Amino acid sequence: PSKARNFGVSKAKGSWIAFIDADDRWLPDKLDEQVRLVLSHPEFSIVGCEFSNFKAKKTVDFEQISLISMFFKVRIYTSTAMVKKMILERYKFDEEQRYSEDARLWIQIMAEYKAAVLLKGLVVYAENNQLSPERLSQQFWKMEKGELSNFIFFYKKGTIGLLLFVVLSAYSLLKYCKRIILNKLKMIF
């Protein structure tokens, strides 16, 4: 997917780029809402939104996302992202990385530019996802390795220090164990 996304960016004519994965679906007002946000808040260079199952608990329309918080919980996903094209001409999806390559790109961008997430569910996630619980569990370790490789990447670049690297890695491995346990319980029950 990274190679196709990079190619699409190189051919795109607009000043903003939005992505959608094959099994996701945008709600009709997704782009309108994101454009409205960047017009009223031009300081944001990357804008995401929530998935359709999101239950708004806040009275605000959006939240600025900090770089550190994005390491702990990814808040921008490929199908929710809208990014300035000029930034995507500088930063590209890593074509060698298969898992968590999108999170790596968003974090790279957020190290230099401001990001926000609309607190509205504007994307239907994995609408036609046919992965069985057994097949999904096989992907968990690959996804975990992708996330851990991102921490190594940002540690080597000096974006995060050793202590944060260790904390993030431990936290990620704990989340991985929780996913495996919950997935096994779903298969049993």
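**Figure 1. Glutamate 147 and its salt bridge with lysine 175.** In this predicted model, glutamate 147 is buried, with a relative accessible area of 15%. Its partner in a salt bridge is lysine 175, and the closest N and O atoms of the two residues are 3.8 Å apart. The pair links distant parts of the chain, since glutamate 147 belongs to helix α6 (residues 133-157) and lysine 175 to helix α7 (residues 162-188), 28 residues apart. Lysine 175 is partly exposed, at a relative accessible area of 22%.

**Figure 2. The salt bridge between glutamate 33 and lysine 120.** Here the closest N and O atoms of glutamate 33 and lysine 120 are separated by 2.8 Å. The two residues lie 87 residues apart and connect distant parts of the chain: helix α2 (residues 30-40) holds glutamate 33, and strand β6 (residues 114-124) holds lysine 120. Glutamate 33 has 13% relative accessibility and therefore counts as buried, because buried means under 20%. Lysine 120, with a relative accessible area of 27%, is partly exposed.

**Figure 3. The salt bridge between lysine 85 and glutamate 89 in helix α4.** Lysine 85 and glutamate 89 form a salt bridge in which the closest N and O atoms are 3.3 Å apart. Both residues lie in helix α4 (residues 85-90); because they are 4 residues apart there, about one helical turn separates them. Lysine 85 is buried, with a relative accessible area of 11%, whereas glutamate 89 is partly exposed, with a relative accessible area of 46%.

**Figure 4. A network of salt bridges.** Three residues, Arg5, Asp21 and Glu101, are linked to one another in a network of salt bridges. A search of the whole structure finds 10 salt bridges.

**Figure 5. Alanine 126 in the loop between β6 and α6.** The loop that holds alanine 126 runs between β6 and α6. Alanine 126 counts as buried, at 13% relative accessibility. When residues up to four places away in sequence are not counted, alanine 126 touches Asp23 and Asp24. From alanine 126 to methionine 86 the separation is 40 residues in sequence and 29 Å in space, taken from C-alpha to C-alpha.

Notes. Residues numbered from 1 in each chain as written. Predicted model: local features only at pLDDT ≥ 70, side-chain atom pairs only at ≥ 80, totals over all residues. Heavy atoms only, no water. Salt bridge = Lys/Arg side-chain N within 4 Å of Asp/Glu carboxyl O. Buried < 20%, exposed > 50% of the residue type's maximum accessible area, 1.4 Å probe, protein only. Contact = heavy atoms within 4.5 Å.
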